[in-house]
Amino acid sequence: MAKPGYVKPASTGLAAGLNRGFIVTRRELKSKPSCRRGRKSERVALVREVVREVVGFAPYERRMIELLKIGSASTFKRALKLAKKRLGTHRRGKRKRDEMGEAIAAMRRKA
């Protein structure tokens, strides 16, 4: 599947080459619902916020927060390693570490 925003180059009218094919006028297609996948809606954001307030952090998240509060480079790396172990991928781990950093910042702003 093409990425959003990709525009296929115009056909040349020739039978060979990269842009081969009969020249036609392109129709503007409506975006598919599958293109919305992964975008967070307002409702989901609100529900997650309420759940976080009520339930709090998971034990591994609390441990990550403690590691990040120490603030050294080694504990920063250790927090990523812990998140990777729990969540499965490097990218998810980095995102979770950033999220926990934001949580610490929010706690400091609150206090």
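This is a predicted model: local features need pLDDT of at least 70, side-chain atom pairs count only at pLDDT 80 or more; totals for chains, interfaces and linings use all residues.
Which residues in α2 meet which residues in α3? On the α2 side the residues are Tyr60, Arg63, Met64, Leu67, Leu68 and Ile70, and on the α3 side they meet Thr75, Phe76, Arg78, Ala79, Leu82, Ala83, Arg86 and Leu87. Sorted by class, this contact has 10 nonpolar residues, one polar residue and three charged residues.

Now let's look at how these two helices lie. Two packed helices are described by the angle between their axes and the distance between the axes. Helix α2 covers residues 59-70, and its axis comes within 8 Å of that of α3, with a crossing at roughly 165°. Angles over 145 degrees count as roughly antiparallel, and α2 and α3 are therefore roughly antiparallel to each other. The crossing of α2 with α3 is left-handed.

Helix α3 spans residues 73-87 and helix α4 spans residues 90-110; their axes come within 8 Å and cross at roughly 125°. The pair α3 and α4 is therefore oblique, and the crossing is right-handed. In α3, the residues that take part are Phe76, Leu80, Ala83, Lys84 and Leu87, which meet His90, Arg92, Gly93, Lys94, Lys96 and Arg97 in α4. Here the classes come out as four nonpolar, two polar and five charged residues.

The remaining pairing is α2 with α4. Their axes come within 10 Å and cross at roughly 70°, which makes α2 roughly perpendicular to α4. Tyr60, Glu61, Met64, Ile65, Leu68 and Lys69 in α2 meet Lys96, Arg97, Met100, Gly101, Ile104 and Met107 in α4. By class, the residues of this contact divide into seven nonpolar, one polar and four charged.

Rolling a probe the size of a water molecule over the atoms shows where empty space is left. The largest pocket holds about 810 Å³ of space. It is lined by 17 residues, and the closest to its centre are Ala2, Lys3, Gly5, Tyr6 and Leu29. The lining of the largest pocket is made up of seven nonpolar, three polar and seven charged residues.

The second largest pocket has about 370 Å³ of space. Its lining consists of Lys40, Ala45, Arg48, Glu49, Arg52 and Glu99. Helix α1, residues 42-55, gives the most to this lining, with four residues. By class, the second largest pocket has one nonpolar, no polar and five charged residues in its lining.

Definitions and conventions: Residues are numbered from 1 along each chain as its sequence is written. Side-chain values use heavy atoms; hydrogens and water are left out. Axes are lines fitted to C-alpha atoms, for helices over the stretch in contact, and angles run from 0 to 180 degrees between N-to-C directions. Helices (H or I, at least four residues) and strands (E, at least two) are DSSP runs, numbered from the N terminus. Angles under 35 degrees count as roughly parallel, over 145 as roughly antiparallel, 65 to 115 as roughly perpendicular and the rest as oblique. A crossing is left-handed if the near helix is turned anticlockwise from the far one by less than a right angle, and right-handed if clockwise. Contact means heavy atoms within 4.5 Å. Ala, Val, Leu, Ile, Met, Phe, Trp, Tyr, Cys and Pro count as nonpolar, Asp, Glu, Lys and Arg as charged, and the others, Gly among them, as polar. On a 1 Å grid over the protein atoms alone, a cavity is a set of points where a 1.4 Å probe fits but cannot get out, and a pocket is an open set with protein on both sides within 12 Å along at least five of seven lines; lining residues have an atom within 4 Å of a point. Grid points are joined across faces, edges and corners, and a volume is the space filled by probe spheres set on the points.
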